[in-house]
Amino acid sequence: MSGMSRIESFISKLSRKKRVNPSEETSLARVLTTCDLIGLGIGSTLGAGIYVVAGQVARQTAGPSVVLSFLIAAVASVFAGICYAEFAARVPKAGSAYVYSYVTVGELIAFVIGWNLILEYVIGTASVARAWSSYFDSLIDNKIQDFFKEHMAMDVTGLSKYPDFFAFSITLVLTVLLAIGVKESTMFNNIFTVVNLLVVTYVIVCGLFKIDGSNWSIPKSEVPTGEGSGGFMPFGFSGMMSGAATCFYAFVGFDCIATTGEEAKNPQRAIPMSIVVSLIGITLAYCGLSTVLTLLCPYYLLDPNAPLPIVFDRLGWGVAKYVIAVGAICGLSTSLLGGMFPLPRILYAMGNDGLLFRFLGKVVPRFQTPVVGTLISGCFAGTMAMLFDLKELVDMMSIGTLLAYTLVAVCVLILRYQPDEYITGEPTDQPLTGPISSRDLFSPRSSEPTRISGRLTSYCVGFLLLSICAFCAVLIYAASELEQYSWWAIVMAVMFGSAVLMAVIVVWRQPQNKSKLWFKVPGLPWVPALSAFINIYLMMKLSVPTWIRFGVWMFIGFAIYFGYGLRQSSENREREMCQPHSGTFNRDVEDPPPAYQEAPDPVDEKSPLLSNRTRSRNGSRVGINGASTSVNQKADDGDSNKHVHANVTDVSEPTAPPDEEQDEPLVPSKE
């Protein structure tokens with residue numbers, strides 16, 4: 001095999017796609033209802049964000065405009081959520097964005113997404129466990145951290161000041177609960193989610209009796225130095241947008257619903273509905289609570305660590321402090337469960353496909369859960385929660401989430417403009433093939449997707465991503481020049497912005513696949529393109545150390561994939577089984593053929609399967625010139641057990657027949 005052929009074969013392995021049969025049975029237990037999934041989505045998201053993030057953003061970044069910050073973050077999350085919803089309706093399998101990208105983009109990209117989802121869920125679990133421990137410790141006057149700081153202090157850069165064994169214990173308890181059964185864990189989640197929602201409702205309703213509209217229009221003269229300029233946007237429009245970037249991470253967690261594709265009773269309908277409903281409920285809760293919070297108290301007096309208890313204590317409602325504490329404990333518990341729930345499902349999907357070690361995908365029949373993957377992931381997350389500082393954990397959480405959201409939006413764009421044969425894998429009669437012309441950009445040749453329009457869409461989506469990256473780089477790194485109206489910055493922004501717009505318009509002009517799904521993303525291609533733009537912009541706003549840690553994590557992942565997953569992949573095994581072993585044909589031609597061969601079994605005309613099998617076997621043999629060979633069968637009709645003998649006469653010099661004669665079967669004469 002030539003070097004170029006080897007490269008092409010290697011690239012084809014990296015881009016091979018997973019074929020999914022939605023009707024295929026699963027070894028997981030299908031026990032989750034739509035209500036369970038809604039509770040899982042709300043519980044995993046409505047945790048630390050509502051009790052901590054709202055006060056932090058209002059005090060330090062946005063002021064009363066934190067309401068708009070949450071609203072903008074909600075819109076960005078809804079864009080990503082509806083892309084997840086369409087894929088869940090199309091690919092109802094465990095694995096979330098990992099499976100979605102495996103079906104549409106290819107194996108390497110799928111591994112990158114799955115590996116980053118593991119990072120996201122591990123860090124999310126560890127950070128919430130650490131926050132849960134810290135919040136509970138604050139209720140008992142920090143006795144836990146004081147004890148461990150005195151007896152087991154750690155002085156290592158990047159690690160915590162003390163080992164948080166309490167956070168480790170919390171993680172292990174929920175790990176065991178998840179391993180026992182998914183129905184039991186979701187029942188626990190539903191109870192705590194209901195309590196959390198009741199507490200949020202209590203805060204909003206009680207706060208309405210004490211709101212003061214003047215807190216949204218505080219004059220600048222009354223604002224302390226360094227606390228903004230007062231009014232509704234004390235830190236300006238940029239502060240409100242920066243707050244939106246922070247609030248966006250408060251919505252991370254709804255995507256855990258998409259990992260339940262093999263445990264939901266009706267995944268093609270339940271998962272899209274659960275994602276949309278949970279996002280609506282989360283948005284109402286965040287916006288309602290942040291509205292009441294900023295109307296109850298001037299934004300510069302809010303406590304960034306525990307805003308709600310301090311505000312109600314200042315108003316003279318001391319009992320609310322304990323009610324809010326109960327809600328916070330329940331909210332953080334459901335967030336912890338929501339962070340841990342998808343992790344073993346990702347390990348199960350990747351282990352089952354062979355991209356990670358296969359024992360991670362083993363399901364124990366007694367519990368119908370991936371027990372090994374659950375225990376390993378729980379111990380890993382608990383160890384990180386015990387050793388690492390909360391800030392170090394949170395800094396790494398965002399990359400995996402944003403990358404997954406971006407790839408899901410891209411996959412929706414690619415799939416919706418492909419012909420049926422791309423989606424189903426079954427070849428069909430497709431008359432429109434050939435090179436792409438300039439006419440195809442804006443005037444497609446057919447109202448149905450063709451191979452030409454499908455390829456054109458894929459190329460345009462790739463060009464769209466490159467243009468978005470360039471456009472975001474100009475907006476971020478040349479922001480000061482744009483504010484000063486530098487001509488080169490404006491020219492670059494206009495050039496790359498026009499490229500983004502042109503790519504979207506070309507995709508928009510292509511025919512969409514009209515196959516029916518329970519849910520489809522509205523406003524294609526604008527909504528997925530806008531979602532990808534927001535996610536890429538936020539990714540490029542991350543710090544350099546975060547990208548360095550991300551690079552180290554990816555290096556470990558690539559070592560596992562190229563050392564194990566590339567060869568052990570289920571798709572690779574299936575292809576190797578379908579293809580003949582290399583060198584077989586050449587060996588048959590080069591080796592001298594025998595001068596005789598055993599005659600095949602008599603062909604039974606009444607048994608077509610046997611006849612076809614015999615013909616196939618005989619047709620694969622080469623080296624005997626069938627034109628000069630006579631075969632005489634001698635068998636005793638009275639004894640069917642006698643052997644059949646073949647006498648071969650007039651055998652010519654053994655030569656390999658031409659290609660067109662190799663497939664002709666050697667059928668014995670029937671007399």
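Is Thr 374 buried or exposed? Select Thr 374 to begin: at 2% relative accessibility it counts as buried, where buried means under 20% relative accessible area, exposed over 50% and partly exposed in between, with a 1.4 Å probe and protein chains only.

Before going further, note that this is a predicted model, in which local features need pLDDT of at least 70 and side-chain atom pairs count only at pLDDT 80 or more, while totals for chains, interfaces and linings use all residues. Residues are numbered from 1 along each chain as its sequence is written, and side-chain values use heavy atoms, with hydrogens and water left out.

**Around Thr 374**

Thr 374 lies in helix α15 (residues 371-387); helices (H or I, at least four residues) and strands (E, at least two) are DSSP runs, numbered from the N terminus. Leaving aside neighbours within four places in sequence, Thr 374 is in contact with Thr 175, Leu 178, Ala 179 and Pro 344, contact meaning heavy atoms within 4.5 Å.

**Helices α8 and α13**

Next select helix α8 (residues 165-180) together with helix α13 (residues 318-340), whose axes come within 10 Å and cross at roughly 60 degrees. That angle makes α8 oblique to α13, since angles under 35 degrees count as roughly parallel, over 145 as roughly antiparallel, 65 to 115 as roughly perpendicular and the rest as oblique. The axes are lines fitted to C-alpha atoms, for helices over the stretch in contact, and angles run from 0 to 180 degrees between N-to-C directions.

The crossing of α8 and α13 is right-handed; a crossing is left-handed if the near helix is turned anticlockwise from the far one by less than a right angle, and right-handed if clockwise. Show the side chains of Ile 170, Thr 171, Leu 174, Thr 175 and Leu 178 in α8, which meet Ser 333, Leu 336, Leu 337 and Met 340 in α13. The residues of this contact divide into six nonpolar, three polar and no charged, with Ala, Val, Leu, Ile, Met, Phe, Trp, Tyr, Cys and Pro counted as nonpolar, Asp, Glu, Lys and Arg as charged, and the others, Gly among them, as polar.

**Helices α4 and α5**

Now move to helix α4 (residues 66-90) and helix α5 (residues 97-104), which pack at an angle of about 70 degrees with their axes 10 Å apart. The two helices α4 and α5 are therefore roughly perpendicular to each other, and their crossing is left-handed. Tyr 84, Phe 87 and Ala 88 of α4 make the contact with Ala 97, Tyr 100 and Thr 104 of α5, a set that divides into five nonpolar, one polar and no charged.

Not counting residues up to four places away in sequence, Pro 435 touches Asp 440, Arg 445, Ile 452 and Arg 455; the C-alpha atoms of Pro 435 and Ile 452, 17 residues apart along the chain, are separated by 7.3 Å.

Tyr 485, in the loop between α20 (479-483) and α21, has a positive phi of about 60 degrees although it is not a glycine, and at 67% relative accessibility Tyr 485 counts as exposed. Continue to Pro 525, in the loop between α21 (487-509) and α22 (526-540), where a cis peptide bond joins Leu 524 and Pro 525 with omega about -5 degrees.

**Cysteines**

Finally, select Cys 206, which is buried at 14% relative accessibility, and Cys 379, which is partly exposed with a relative accessible area of 39%. The structure holds zero disulfides, a disulfide being a pair of cysteine sulfur atoms within 2.5 Å.
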